[in-house]
Amino acid sequence: MDSAAAPGKGTSDQQDWKIGVDIGGTFIDFCALETRSGRVASLKVLTTPDDPGAELMTGLSLLAEREGLEPAAVSRFVHGTTVGINTVIQRRGVSLALMTNAGFEDVIELARLRMPDVYSLFCSRPDQLIARDMIFGIPARLRADGSEVEAPDLEAVAAAVAKAKANGAAGIIVSFLHSWRTDIHEVAVRREIVRIAPELFVFTSCEVWPVIREYERTTTAILNGYVHPRVSGYLTALEETLLSRGVTAPALLTKSNGGVMNADEGKRSCVQMLLSGTASGVIGAAWLARRAGEKHILTLDIGGTSADFALIIDGEPQFGTGELVGEFPLHIPSVSVSSIGIGGGSIASVDAQGVLRVGPESAGSTPGPACYGGGGEQATVTDAMAVCGWLGHSQMAYGQLQIDVGLARAVVTRLAEKIGRSAEEAAQAILDVAISEMFVEVEKLASRAGVDLREFTLMPFGGGGPMLGAFLAREFHMAKVIGAPRPGVVSALGGLVADLRGDFIRTVFTHLSDQAAPQMREALDALAVEGRNWLAKQGHAGAATLNVSADMRYVGQSFEIEVPIQPAWIAEGKLGSIEEAFHAMHARLYDFHDPDGAIEIVNLRLSAIGAGPALEIPVNAREDGEAANPEREIPVFTGKSYEWIGLYRRDRLRPGSRFAGPAVVAQEDTTFAIPSGTHVEVDRQLNLHLTFSE
């Protein structure tokens, strides 16, 4: 993400721009690459919650004004949005009805009979997205093998539709038992709904995610329908906005699985993009890490409202299912990200017991932290950084913000009086609490993955990641911290470099045996056809990569693990290789395997990948290491007292530059806070490499 020397601004026939855009809770980020010159432009614009999309117009106008970007020269436009996830979190989705089998109307209320926090006496389960009086049982039944016991009662369907419309439903979700075997009942009911009520939209569980287990399949379909009108309307407006600006490149959308899809796909498969922002950050970080030669990375993405963590192992992001969207699990493949409500805008408060707490409430972009001058009246993490002296020495967000330390000190002082400390001590306490909260979440992530973080490098990004990242890494005794040249826009970069990626699944539910081989080959062939057809619909005409995995378990286990397998093992009947792969994965995860245990395959999964653009960004010539000179010395409260430390400008650091902490590195999109006992060196790609003294 380093920037070559900027050439003169040319005309559209001399330009080829690729743009990645990511909308967060406080800023919309732009990362634009002019591929013929290697010139990189980045930008942050404050979000406009009351007028979604206006910030996009502002950003495009600023890129045209500052960088000479001509809309007609844009050949790739990738957009990540929080419209879907915010709709769920704020519960501003559409009114839905659910049709399921008679007698199973409580499917989403029963869920998996688990409480969110089994150790809390005050824990409660969230209200469902569909009210109980909007769930209708339809007489219909399939056996577990897919054979029909009772055809759907279409008169009951008509009666349910009438009640749903009378209660204000805008759409209907159809989810029946055993539809993963055959969707004939769901299709029949959808056809009838469309015939008698064409004004309602309808989603069946199998078209959204055809997986065994009715709760997981149903709740995923509900999330898709709940956000559908808002997401579809937003994407339609996005396409119109781009055309009005002269951008003719098709709009691509980032997905929860780290890939991209076209806007037409996004209007129906809304659930695929609910976690797109967090996934894009990990994809961008993985791309940067590979360029820097780093294999094992812990990513730390801190925005205005949350801190997101993910592991990159051997250069590849990790994937999983069951990620939470608000209070609800999402059962489609997603980049594995753990989140906590600690961000730059997280509000600090003192509870009734006199205990200092930070988050999860956030000041967001409106009014924002007090130091932004937008009317914020509560102390936030960003205000604490300003009071300690880490912030306030340059403009932020590409000149859009000027930190007002006086406003920050005023709100922190009010908080400090409640706990009997000075403003500086209270500010440091806010930072300590924020870091300790993140420490707990990261420790859980590392334990689940079975990794030793001392073998990992931390890559902080987002507007707040570089402010707190080095302090968190030091607590874990991590080997290194690597800072990308433009960490504030890594999520936007992730969309820019992402591949087309579609995920597909077939439930086979069979013992791993020679008798199951034909069934597995048939399922894999069908998945391969579906994957290639999907890529073709996305406009991809190049080579396709098909990655295959299987959800497997020992007979008698309740849940399965995902095991990567080679397609040739299924095609050639090498079931022994599949068995060995399962035993190895089980041993890695649980330190145990049963060589004689019978094995079941529950699902086959396939990811169809069409490679994204092979971006080339110039690498700077290596220079001999020499001590970098700070612009000036600034006073910073480093925990117990003030120290005079060096302030460095990021755009003045060159390959080979070296300096030691404590220090502050200021740049347009963020600020790096570098603690004492740290050695810093700049590489050829202008990354900062922070290492700690023993």
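Biologist: Hi! How many bridges join strand 5 to strand 6, and do they run parallel or antiparallel?
Modeller: There are 4 bridges between strand 5 (residues 96-101) and strand 6, and the two run parallel. Two strands pair if DSSP finds at least two bridges between them. Helices (H or I, at least four residues) and strands (E, at least two) are DSSP runs, numbered from the N terminus. Please keep in mind that this is a predicted model, where local features need pLDDT of at least 70 and side-chain atom pairs count only at pLDDT 80 or more, while totals for chains, interfaces and linings use all residues. Residues are numbered from 1 along each chain as its sequence is written, and side-chain values use heavy atoms, with hydrogens and water left out.

Biologist: Thanks! Which residue stands opposite asparagine 101?
Modeller: Isoleucine 138 in strand 6 faces asparagine 101.

Biologist: What is the strand order in the open sheet of 4 strands?
Modeller: The order is 6-5-9-10, with parallel pairing. Strand 6 (135-138) and strand 10 (201-204) are the edges; each has a single partner strand, so one side of each lacks a neighbour in the sheet. On average, neighbouring strands of this sheet are turned by 20° against each other, direction ignored.

Biologist: What does helix 4 touch when it packs on the sheet?
Modeller: Helix 4 (residues 154-166) touches strand 5, strand 6 and strand 9 (171-174), and its direction makes about 170° with that of strand 6. Contact means heavy atoms within 4.5 Å. Axes are lines fitted to C-alpha atoms, for helices over the stretch in contact, and angles run from 0 to 180 degrees between N-to-C directions.

Biologist: And which strands does helix 7 lie across?
Modeller: Helix 7 (residues 214-244) lies across strand 5, strand 9 and strand 10, and runs at about 155° to strand 10.

Biologist: Switching to helices: at what angle do the axes of helix 9 and helix 14 cross?
Modeller: The axes of helix 9 (residues 276-292) and helix 14 (residues 490-497) cross at roughly 80° and come within 7 Å. That makes helix 9 roughly perpendicular to helix 14. As for the cut-offs, angles under 35 degrees count as roughly parallel, over 145 as roughly antiparallel, 65 to 115 as roughly perpendicular and the rest as oblique.

Biologist: Which residues make the contact?
Modeller: Helix 9 contributes residues including Gly277, Ser280, Gly281 and Trp287, and among those from helix 14 are Val490, Leu493 and Gly494. The residues of this contact divide into 7 nonpolar, 7 polar and no charged. Here Ala, Val, Leu, Ile, Met, Phe, Trp, Tyr, Cys and Pro count as nonpolar, Asp, Glu, Lys and Arg as charged, and the others, Gly among them, as polar.

Biologist: What are the pairings of strand 34 with strand 31 and strand 37?
Modeller: With strand 31 (residues 626-627), strand 34 pairs in the parallel sense over 2 bridges. Strand 34 and strand 37 (residues 678-682) run antiparallel, joined by 3 bridges. Phenylalanine 659 stands opposite valine 680 in strand 37.

Biologist: What is the phi of histidine 178?
Modeller: Histidine 178 has a positive phi of about 60°, although it is not a glycine. Histidine 178 sits in the loop between strand 9 and helix 5 (184-196) and is partly exposed, with a relative accessible area of 21%.

Biologist: Last topic: how many aromatic pairs are there?
Modeller: The count comes to 8 aromatic pairs. Rings of Phe, Tyr and Trp (its six-membered ring) pair if their centres lie within 6.5 Å; planes under 30 degrees apart count as stacked, over 60 as edge-to-face and the rest as tilted. In one of the pairs, tryptophan 390 and phenylalanine 471 have ring centres 5.6 Å apart and planes at 75°, so the pair is edge-to-face.

Terms used: Buried < 20%, exposed > 50% of the residue type's maximum accessible area, 1.4 Å probe, protein only.
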